[in-house]
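Let's take a walk through this chain together. Have the sequence and the 3D view open, and we'll go from one linked pair to the next.

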Amino acid sequence: MASLGSMNIVTLTFCVIILTTCNHQAHASSRVFLNKKNDKSPIQGLCASSVTIHGFKCEEHEVITKDGYILSIQRIPEGRSEAKSNVTKKKEPVIVQHGVFVDGATWFLNSPKQNLPMILANNGFDVWIPNTRGTKFSRKHTSLDPSNKTYWDWSWDELVTYEMPAIFDFISKQTGGQKIHYVGHSLGTLTALASLAEGKWENQVKSVALLSPVAYLSQMKSILGQIAARSLLSKVYNLINSTNYSWTFYGRTIVDFIKGICTHPGVNCNELFTALTGENCCLAPSAFNQFMEVGRQSTSARNMFHLAQNVQSGVLTKFDFMSPHLNFWHYGRPTPPVYNLSNIPKNVPIFMSYGGRDALSDVADVKRLLNQHFQNHEADKLSVQFIDNYAHADYAFGVNANDLVYNNVTSFFKRQW
């Protein structure tokens with residue numbers, strides 16, 4: 001048997017997925033939900049843990065979606081210097097949306113001078129950080145508990161249909177009906193593209209920034225993503241759907257397993273990021289440990305199966321219930337509808353930035369997105385940036401993302417559209 005020190009990182013990541021799935025099947029009752037009704041340990045809010053400690057004002061808000069999910073959303077209404085002066089000015093609102101398996105806390109892994117929400121706040125924007133349903137700060141519902149299977153009956157379709165509209169409506173009301181800038185990373189770009197294609201934000205959005213844009217996934221080179229999509233998720237949905245309805249990296253078995261392996265000589269756990277996201281150029285040495293402490297979050301099994309379907313089909317469709325009868329019941333047709341990204345309004349200002357080493361938002365897939373759906377976009381409303389040595393995680397917490405990416409996002413939002 002190979003020693004841990006010589007264990008191939010692909011083998012390690014495959015083991016992590018296997019343990020995650022098996023842990024949910026065999027020990028469903030022991031899954032850790034941080035704000036279950038019987039969990040008496042308090043959860044420190046994101047404002048207190050990540051924002052006010054740096055001298056910024058921060059507000060905690062809750063948004064209720066039409067399907068009953070109660071979302072936690074944080075607001076940084078002004079920059080740090082303004083927080084000290086007690087001077088209030090009207091500012092343009094910006095939504096900063098995270099991706100899958102993380103929450104809003106991931107944006108704050110770096111210092112105030114390096115993280116996107118605080119950079120935007122210091123540049124005069126009113127910053128809002130949502131936390132997607134199922135993550136630590138958004139585990140509440142008007143009638144369901146996270147231990148209930150029905151709580152997890154959603155994929156990114158529901159984020160497009162219910163979650164993002166509720167967030168936009170809430171922020172619009174809170175800011176006097178102003179149009180809203182939006183910046184998303186990873187899954188946060190997919191929900192943006194699908195929302196725009198469905199006409200959800202047409203009268204509310206001012207401009208959009210997409211970091212590591214994800215739409216098509218057929219060329220994805222992520223080793224871990226390929227294993228999940230092709231070897232596990234796509235084949236076991238019917239077997240585990242009745243018991244395994246959430247995917248989480250909070251279970252102690254998984255966390256202890258990973259941390260234990262990471263202590264062995266010859267094992268570089270930053271390679272876990274490489275196996276999943278590509279070869280990130282610019283993460284801090286402590287990035288993996290920081291991610292394991294605050295970044296890992298849950299999502300629904302259906303969401304992962306939906307993404308796996310997108311990988312396999314090469315087409316961006318709504319969730320396929322894998323039964324003509326079920327699809328007809330949900331959609332009025334035997335197959336799931338396609339999200340037609342060519343319906344994205346041609347006059348919406350859009351900034352995209354993608355990396356040459358990104359294994360999830362692969363260069364070929366991004367070029368397909370641009371060539372198929374943005375050829376006729378108004379030229380002065382589309383700005384595309386390519387960074388040769390950037391991978392997926394660099395966009396969320398690369399130490400030089402402020403210089404290479406975030407300053408461009410800020411300048412784009414400041415244009416007089």
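Is Lys140 buried, exposed or partly exposed? With a relative accessible area of 39%, Lys140 is partly exposed, where buried means under 20% relative accessible area, exposed means over 50%, and partly exposed is in between (1.4 Å probe, protein chains only). A quick word on the ground rules: this is a predicted model, so local features need pLDDT of at least 70 and side-chain atom pairs count only at pLDDT 80 or more, while totals for chains, interfaces and linings use all residues. Residues are numbered from 1 along each chain as its sequence is written, and side-chain values use heavy atoms, with hydrogens and water left out.

Back to Lys140, which has a partner: Lys140 forms a salt bridge with Glu62, and their closest N and O atoms are 2.5 Å apart. A salt bridge here is a side-chain nitrogen of Lys or Arg within 4 Å of a carboxyl oxygen of Asp or Glu. This pair links distant parts of the chain, since Lys140 is in strand β5 (residues 140-141) and Glu62 is in strand β1, 78 residues apart. Helices (H or I, at least four residues) and strands (E, at least two) are DSSP runs, numbered from the N terminus. Glu62 is partly exposed, at 45% relative accessible area.

Why would such partners meet at all? Side chains of opposite charge can pair when their charged atoms come close. Search the whole structure and you get 11 salt bridges. One of them joins the side chains of Glu78 and Lys57, 3.1 Å from N to O. Glu78 sits in the loop between β2 (69-76) and α3 (80-85), and Lys57 in the loop between α2 (46-51) and β1 (59-64), so this pair ties together parts that are 21 residues apart in sequence. Glu78 is buried, at 3% relative accessibility, whereas Lys57 is partly exposed at 32%.

Further along, Lys381 and Glu378 meet through their side chains in a salt bridge of 3.5 Å, N to O. Here Lys381 is buried, with a relative accessible area of 16%, and Glu378 is partly exposed at 33%. There's also a group to look for: Glu59, Arg75 and Asp126 are linked in a network of salt bridges.

Now for the cysteines. How many disulfides are there? The count comes to two, taking a disulfide as a pair of cysteine sulfur atoms within 2.5 Å. One joins Cys47 to Cys58, with 2.0 Å from S to S. Cys47 lies in helix α2 and Cys58 in the loop between α2 and β1, so the pair ties together parts that are 11 residues apart in sequence. The torsion about their S-S bond is about -70°, so the disulfide is left-handed. Cys47 is buried at 5% relative accessible area, and Cys58 is buried at 18%.

Cys281 and Cys282 form a disulfide too, their sulfur atoms 2.2 Å apart. With -95° about the S-S bond, that link is left-handed. Cys281 is partly exposed, at 29% relative accessibility, but Cys282 is buried, at 12%.

Finally, zoom out. The chain has 15 helices and 11 strands, and 58% of its 417 residues count as buried. Take the contacts (heavy atoms within 4.5 Å) between residues at least 6 apart in sequence: 76% of them join residues at least 24 apart.
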